[in-house]
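Here is a short report on one protein model. Read it with the structure open beside you.

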Amino acid sequence: MHTLSILGSTGSIGTQSLEVARRRGYRILALAAGRNLSLLQEQVREFRPELVSVDSSVYQEAKDLLPETRVVTDPGEVAAFPAEIVVGAIPGLAGLAPTRIALERGAAVALANKESMVVAGPLMWDLVGQSGGRISPVDSEHSALYQCLAGEQLSEVRELVITASGGPFRTGPEDLSEVTPEMALKHPTWAMGAKVTIDSSTLMNKGLEVLEAHYLYGLPLEQVGVVVHPQSIIHALVRFQDGNLKAHLGPPNMQLPIQYGIDGAPHGMRFAGDVHAAPRHPAPFTDFPLARTLEIFEPDRDRFPCLDLAYAAGRMGKVAPVVLNAADEIAVEAFLQKKIRYTDIARVIEQVLQECPDQKLGWDAIFEVDAWARTRTRELLWD
Ligand SMILES: NC(=O)C1=CN([C@@H]2O[C@H](COP(=O)(O)OP(=O)(O)OC[C@H]3O[C@@H](n4cnc5c(N)ncnc54)[C@H](OP(=O)(O)O)[C@@H]3O)[C@@H](O)[C@H]2O)C=CC1
Ligand SMILES: CC(=O)[C@@H](O)[C@H](O)COP(=O)(O)O
Ligand SMILES: [Mn+2]
């Protein structure tokens with residue numbers, strides 16, 4: 001039986017990962033949550049982890065609620081706990097440190113937290129090389145690319161193409177300055193956490209995913225493209241040098257890439273190794289009308305400048321993706337709190353990126369530059 005720990009267990013990816021674990025019969029060793037103690041309590045009752053971490057603001061309450069479980073406040077301790085597979089699903093830069101710890105001890109990481117690959121991709125691969133750990137993408141487009149690339153030579157790939165739903169504002173309004181958080185949180189095809197949902201609406205999610213694909217698969221940025229596909233059924237395509245194009249299609253249900261990421265994590269293939277000993281319990285088949293029209297459009301790069309800001313950060317390289325990510329995290333949070341306008345998000349990210357320090361990528365540099373970029377974003381927004 002595989003052993004699993006989940007970083008971000010009370011979130012959208014975390015809860016769906018637990019559904020996969022339940023179906024596959026995996027043993028849950030440790031869970032990292034934030035403040036949602038009522039859900040964590042249910043998870044502990046069902047899965048009996050040995051260790052949980054919670055936000056420090058709810059530590060005492062968690063200890064009282066979970067008297068039989070070891071409770072800590074550092075998700076890094078959950079990542080360090082000796083599970084074979086760690087699902088990385090804490091959003092933002094907060095997910096990086098625990099992911100690093102899991103990779104350092106040689107765990108297989110099923111990675112949903114795209115931000116850690118965006119800010120630290122080359123360093124994460126160094127860790128994999130040193131520890132024998134593994135990274136399996138859970139992000140739907142990157143899982144789709146992984147599946148299209150299985151058995152292929154990267155040298156024969158001409159282009160990786162990921163799809164974007166286009167978000168709730170794909171067809172309007174033309175002027176986005178009056179958009180509210182309530183409007184932006186209505187994703188047309190996926191139910192996800194707030195940060196990634198706002199990023200989807202600005203196309204920053206796709207920009208981060210371009211960088212994620214670039215660092216995951218090691219292809220130059222010019223060979224990573226984006227198309228808008230409102231149905232979210234085609235998740236990615238790979239164009240080969242010989243002209244052939246492979247696409248990955250599936251219903252918009254994250255349990256499929258999560259399941260593939262978890263099962264593929266230690267072995268790099270579907271349902272491999274000793275999990276074959278158990279009967280196969282696939283994710284439930286959802287209603288999936290293959291006969292429907294599948295549309296593909298070019299992204300509107302003028303109305304959604306975040307996409308090109310991400311390409312720009314990728315071309316700048318070094319710590320520029322750290323700055324992009326930090327500015328975006330602060331701006332999205334401020335927008336959700338109704339402190340800034342929707343259109344301020346792209347504006348401030350562009351400004352902070354222009355001031356990006358010329359610093360080599362390294363673990364210390366990431367945390368230093370991240371702190372600088374957060375402060376600078378706040379200054380530009382409010383001073
Ligand atoms: N949701 C999706 O379908 C997809 C998500 N992703 C990526 O997966 C990651 C997770 O997204 P999603 O599940 O939607 O996010 P959610 O907001 O739904 O969940 C976040 C989880 O992380 C916990 N958490 C938040 N901040 C911290 C912190 N600072 N320290 C410890 N725990 C914390 C939350 O705890 P609590 O709620 O208890 O406070 C919760 O368990 C993101 O990086 C996202 O981009 C990628 C593809 C698809
Ligand atoms: C489910 C998933 O992988 C999300 O990252 C999704 O891609 C968001 O939708 P958008 O295509 O609108 O960004
Ligand atoms: Mn995605």
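## The shell around ligand 1

The biggest contributor to the shell around ligand 1 is α1, which gives three residues. Helices here are DSSP runs (H or I, at least four residues) and strands are runs of E (at least two), numbered from the N terminus. The model is predicted: local features need pLDDT of at least 70, side-chain atom pairs count only at pLDDT 80 or more, and totals for chains, interfaces and linings use all residues. Residues are numbered from 1 along each chain as its sequence is written, while chains are lettered from A and ligands numbered from 1 in the order in which they are written.

Ligand 1 is surrounded by 28 residues, and the closest are Gly8, Gly11, Gly34, Asn36 and Gly193. A residue counts as near a molecule or strand if its C-beta atom, placed from the backbone, lies within 6 Å of it. The elements giving two or more residues to this shell are α1 (12-24) and α6. By class, the shell around ligand 1 holds 13 nonpolar, eleven polar and four charged residues. Nonpolar means Ala, Val, Leu, Ile, Met, Phe, Trp, Tyr, Cys and Pro; charged means Asp, Glu, Lys and Arg; the others, Gly among them, are polar. Domain 1 (3-143 + 251-277) and domain 2 (151-246 + 295-382) both give residues to the shell around ligand 1, so it lies between them.

Is glycine 34 buried or exposed? Glycine 34 is buried, because 20 other C-beta atoms lie within 10 Å. The cut-offs are 20 or more other C-beta atoms within 10 Å for buried, 12 or fewer for exposed, and in between for partly exposed, with C-beta atoms placed from the backbone. Glycine 34 sits in the loop between β2 (27-32) and α2 (37-47). Not counting residues up to four places away in sequence, glycine 34 touches Thr10 and Asp55. Contact means that the C-beta atoms, placed from the backbone, lie within 7 Å.

Glycine 193 is partly exposed, with 15 other C-beta atoms within 10 Å. Its loop runs between α8 (181-184) and α9 (194-202). Leaving aside neighbours within four places in sequence, glycine 193 is in contact with Gly11, Ser12 and Pro91.

## Where the domains meet

The protein chain is assigned domain 1 (3-143 + 251-277) and domain 2 (151-246 + 295-382). Such bounds come from an automatic or database domain assignment. The C-alpha centres of domain 1 and domain 2 lie 23 Å apart. Their contact takes 21 residues from domain 1 and 29 residues from domain 2.

Look at the side of domain 1 that touches domain 2. The elements giving two or more residues to this side are α6 (114-131) and α7 (140-149). The largest share, nine residues, comes from α6. By class, this side of domain 1 has eleven nonpolar, six polar and four charged residues.

## The shell around ligand 2

Residues around ligand 2 include Asp139, Ser140, Trp190, Lys206 and Met254. The elements giving two or more residues to this shell are α7, α9 and α10 (204-217). The shell around ligand 2 has four nonpolar, five polar and three charged residues. Domain 1 and domain 2 each give at least three residues to the shell around ligand 2.

## The nonpolar core

A nonpolar core is a set of buried Ala, Val, Leu, Ile, Met, Phe, Trp, Tyr and Cys residues joined through C-beta atoms within 7 Å. The largest one has 103 residues, of which Leu4, Ala310, Val323, Ala327 and Ile349 touch the most other members. The largest share of this core, ten residues, comes from α13. Both domain 1 and domain 2 give residues to this core, so it lies between them.

Most residues other than glycine have a negative phi, and most peptide bonds are trans. Arginine 48 has a positive phi of about 50° although it is not a glycine. Arginine 48 counts as exposed, with 12 C-beta neighbours inside 10 Å. A cis peptide bond joins glycine 172 and proline 173, with omega about 0°.

Conventions:
Contact = placed C-beta atoms within 7 Å.
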